[in-house]
Amino acid sequence: MKLTYLQNAGVIIENSGEKILCDPWLVDGCYYGAWYHYPKFEFTPKEFDDVDYIYISHIHPDHFDVKTLQQLKKSIPILIHEFPQKFLKANIERLGFKVEEIPNNKRTKLGKTSINIIAADNCDPEVCSRVFGCNFGSTQFGTNQVDTFSIIDNDEQVIVNSNDCPFEIGQNTAKMIKEEYPTIDLFLVGYTGASDYPCSYDIEFSEKKAEAQKKKIKRLQNAVDYIRILDPKYYMPFAGRYVLGGKLTPLMEYKGESTLDEGYNYLLQNIDQEKNKGIVLNVKSYFDIGTKEISEKYIPENKEDREKYIQNILSKLKLDYEGDPYPNLDLVLELIQKAYDRFERHRKMINYSTDTVLLIKLDEQNVLKISADGRGFEIIKSDELGNFQKYLYLSLDMRLFYEILQNSKKAHWNNAEIGCHISWKRVPNIYDRSLMYCLNFFHI
């Protein structure tokens, strides 16, 4: 088998003439114009006309990118996990592709190549519930994780792809994979994440800097831990080479994510290279698993060139919604009741309640207060914020807020969060996974 690196999590795995294109985010500006490639990725759609299958690990735009898929041949079948929720399947089919759902942990022959797709939590809701202390511990939900592992093999050689699977959720699944596939030739391992904490949060700069560094090291250590569990012959850090564009570029300073070179060097220092050898590839270069050859020598990033590209080009771009007209506040308020009703249904579904209130800035004078214990919502004045001891306060561009409220197919809370479009303040500064889950359903 041969692996060609494209960008971010995008790779092509080739075996005896069969090609699988994985997670093709190739067009700049996903997450509503927030995320960009560095270095810039150039391609023509015809480059992928000979692809036999497309594998999409999960629904996030840096893996399921509509703008990229719109340029690819609709005759290429797309492989996904058989998720209990059909959001990803429906969105892909809406683009005109045929979707093949692969049951969890079922090795499936595609020809001379096989694929096995396994949910990060191996479809065990209790795993997520134990790790995050949330209220999802019920089999009615199936898997709670959008993320998946994939294992691609040709009966002799094995490639494992961890994508964005959180280590806390995926470590037991990784151990199971190692039992099922004792010899792993190449492991594709993430070394960064997509979280907007702490860069989008209202905390002291000294704390923000410390939190960013802590987050960076945690991501890198998780990569080390994954490598030690799977014990591959070779590993390749990938799926994190993005930068922020538009007015969001200043947030990069506190994003808490490593560059590819930083991640690679950390792994070299913490992994025994005699046992597990690290590789890194240039854009469109390949690694031949059979011959152990890399097509060309890796060229490290030039820090000055990277910073110039971000500041001189990316920072001057507009976010997707910045050309839209601002909605009248009355139009926004008309949607609040239906959005709250949906929020309430899902809150009750997971049997969740808290005295922490959600506060959403509407304008300089008005704030939307949403209870998460069944007591409804109301519009309060901004000078009343001091009345609350426990709250999650958020503000975002009213144009994006209006899009989210109207229909989650056009814009979604989770994507706005990952894209760093939301500014947050939480008191106390503790992540409440269940509250964030409920917020994701605050739309009509």
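The questions and answers below concern a predicted model of a protein.

Q: What radius of gyration does the protein have, beside the value for a compact globule of 444 residues?
A: The protein, with 12 helices and 22 strands, has a C-alpha trace that spans about 65 × 50 × 40 Å along its principal axes. For 444 residues, a compact globule would have a radius of gyration near 22 Å, and the value for the protein agrees with this, being 22 Å.

Q: What percentage of contacts between residues at least 6 apart in sequence join residues at least 24 apart?
A: Contact here means that heavy atoms lie within 4.5 Å. For the protein, when contacts between residues at least 6 apart in sequence are considered, the part that joins residues at least 24 apart is 72%.

Q: Is Leu-3 buried or exposed?
A: A residue counts as buried when its relative accessible area is under 20%. Because the relative accessible area of Leu-3 is 0%, Leu-3 is buried.

Q: Why is helix α10 described as largely enclosed by the rest of the structure?
A: Helix α10 runs over residues 398-406, and its buried residues include Met-398, Leu-400, Phe-401 and Ile-404. These buried residues of α10 pack against α1, α9, β18 and α11. The helix is largely enclosed because the number of its nine residues that are buried is seven.

Q: How many disulfides does the structure hold?
A: A disulfide needs two cysteine sulfur atoms within 2.5 Å. The sulfur of Cys-123 is 12 Å from the closest cysteine sulfur, that of Cys-165, so the two are too far apart for a bond. Cys-420 is also in no disulfide, with the sulfur of Cys-199 as the nearest cysteine sulfur at 3.9 Å. For the structure, the number of disulfides is zero.

Q: What is phi of Cys-123, a residue in the loop between β9 and α4?
A: Most residues other than glycine have a negative phi. Cys-123, found in the loop between β9 and α4, is partly exposed, with a relative accessible area of 31%. Its phi is a positive value in a residue other than glycine, near 60°.

Q: What is phi of Asn-163?
A: Asn-163 lies in the loop between β11 and α5, and Asn-163 is buried, with a relative accessible area of 3%. Its phi is a positive value in a residue other than glycine, near 45°.

Q: Which residue does a cis peptide bond join to Tyr-197?
A: Most peptide bonds are trans. A cis peptide bond joins Tyr-38 and Pro-39, with omega at about 0°, and Pro-39 lies in the loop between β4 and β5. In the loop between β12 and α6 lies another proline, and here a cis bond with omega of about 5° joins Tyr-197 to Pro-198.

Q: What is the relative accessible area of Pro-232?
A: Pro-232 has its place in the loop between α6 and β13. Leaving aside neighbours within four places in sequence, Pro-232 is in contact with Ile-184, Phe-187, Ile-227, Lys-275 and Asn-276. Pro-232 is buried, and its relative accessible area is 0%.

Notes:
Residues are numbered from 1 along each chain as its sequence is written. This is a predicted model: local features need pLDDT of at least 70, side-chain atom pairs count only at pLDDT 80 or more; totals for chains, interfaces and linings use all residues. Side-chain values use heavy atoms; hydrogens and water are left out. Helices (H or I, at least four residues) and strands (E, at least two) are DSSP runs, numbered from the N terminus. The radius of gyration is taken over C-alpha atoms; the globule rule is 2.2 Å times the number of residues to the power 0.38. Buried means under 20% relative accessible area, exposed over 50%, partly exposed in between (1.4 Å probe, protein chains only).
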